[in-house]
Structure formats: C-alpha cells, structure tokens
Amino acid sequence: MNIYMKAALEQAFKGMQSGQGGPFGAVIVRDGEIISAAHNQVLGTNDPTMHAEVAAIRAACEKLGRFDLYDCEIYSTCQPCPMCLGAIFWAKLPKLYYGCSEHDAAAIGFDDAFIYDAIRNGTDSQNKLKAIIMERDECLTAFKAWDEKEDKEMY
C-alpha cells in the first residue's frame, strides 16, 4: 500500500476510534515528507467544516507559515466533498490522490449529491438552503475599497 495513503487511512481509523468523526483521513506531503496528517473532527469539535482535508490543509499552512501549498500533494481516504475540494483549490495543491469515491461515501450515509446538484444547477433542488441577495450596493463598498487598495496581497 502507498505509504501516504496508509498514513491517511491510519488517521481515518484514529478519528473513528476516538469518536471525533467519520472514516476520513488526509495527509499533505512535500518532497516525500508528510507535512501534516489529520482526520475528520466534526464530532469532536462541533465544527461542520473540520473535515480531514480542511484540517490537514490548516495544519500544513500553519507549519509552513504560508497559505499556498503549491509544492505539496494531498492524499485522502475519500474523494473530497465540495467544501474540501474548494479548500484544495484555494490552497493551490496541484495533485490529489484519493481512495474511496463519492458514491462509496454516499453508500454509508455521507451523501453530498444535493450539494453537487446545487452547484451544477445554481439552485438548491432539495430546499435545504434559501439564498437571498440583499444590500449589494452597500457590500460592494468593501469590494471597491479592496480593488483600490494599493498594498493588497492577492491570494
């Protein structure tokens, strides 16, 4: 078994056995070295965003002192959910390896199909979220200020 996927799988079992979350683990690797290893911690932290991939990204960024993981790879025991996939893109990770598919996850109760559907169609077909745009003009003032900021650092 690939040593990095094995480390991710060990994290998945660690998280399950400690009651912190579901069967998900992830590691971030740079130049053959594991920079961070994490498991799902949703139950342990009461934080719905504390998925294994997000936790691993947060730890790697903290360790490296930067928000850009362009020279790293991520190994995950499962195909990332939409939130984690977004985090992987934002962290600029160039390569993702994963074990189980989104369909495997759905088969054990972790079904993200409604989120993929909402992204694809621009609406929430299952009525889990009602999104209402408001106060756009006022909120655009912050965007305008950012656009005009001369010393901004893009990320």
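Trainee: What does the accessible surface of the chain come to, and what percentage of it belongs to carbon and sulfur atoms?

Mentor: The accessible surface of the chain comes to about 10,200 Å², and carbon and sulfur atoms hold 57% of that surface. Such areas come from the Shrake-Rupley method with a 1.4 Å probe, and for residues only the protein chains shown count as cover. Please note that this is a predicted model, in which local features need pLDDT of at least 70, side-chain atom pairs count only at pLDDT 80 or more, and totals for chains, interfaces and linings use all residues. Residues are numbered from 1 along each chain as its sequence is written, and side-chain values use heavy atoms, with hydrogens and water left out.

Trainee: How many helices and strands does the chain have?

Mentor: The chain has seven helices and four strands, in the order α-β-β-α-α-β-α-β-α-α-α along the sequence. Both are DSSP runs numbered from the N terminus: helices are H or I with at least four residues, strands E with at least two.

Trainee: Why is Asn46 called exposed?

Mentor: Exposed means over 50% relative accessible area, buried under 20%, and partly exposed in between (1.4 Å probe, protein chains only). Asn46 has 70% relative accessibility, so it counts as exposed. Asn46 lies in the loop between α2 (42-45) and α3 (52-64).

Trainee: Why is Glu135 called partly exposed?

Mentor: The relative accessible area of Glu135 is 46%, and therefore Glu135 is partly exposed. Its place is the loop between α6 (113-121) and α7 (136-148).

Trainee: What is the phi of each of these two residues?

Mentor: Phi of Asn46 is near 55 degrees, a positive value, and phi of Glu135 is also near 55 degrees. Most residues other than glycine have a negative phi.

Trainee: Which residues of α3 are buried, and what covers them?

Mentor: The buried residues are Ala52, Glu53, Val54, Ala55, Ala56, Ile57, Ala60 and Cys61. Their cover includes β1 (25-30), β2 (33-39), β3 (73-78) and α4 (82-90).

Trainee: What makes β1 and β2 a pair of strands?

Mentor: Two strands pair if DSSP finds at least two bridges between them. Six bridges join β1 to β2, and these strands run antiparallel; Val29 has Ile34 in β2 as its bridge partner. By the same definition β1 also pairs with β3, through four bridges.

Trainee: What makes a group of residues a nonpolar core, and how many residues has the largest one?

Mentor: A nonpolar core is a set of buried Ala, Val, Leu, Ile, Met, Phe, Trp, Tyr and Cys residues joined through side-chain atoms within 4.5 Å. The largest has 20 residues, and those with the most contacts inside it are Ile28, Ile57, Leu69, Ile74 and Leu93. Its largest share, six residues, comes from α3. Apart from this core lies another, of seven residues, among them Tyr4, Ala7, Val29 and Tyr75.

Trainee: Which residues is Ile74 in contact with, leaving aside its neighbours within four places in sequence?

Mentor: Contact means heavy atoms within 4.5 Å. With those neighbours left aside, the partners of Ile74 include Ala26, Val27, Ile28, Glu53 and Leu93.
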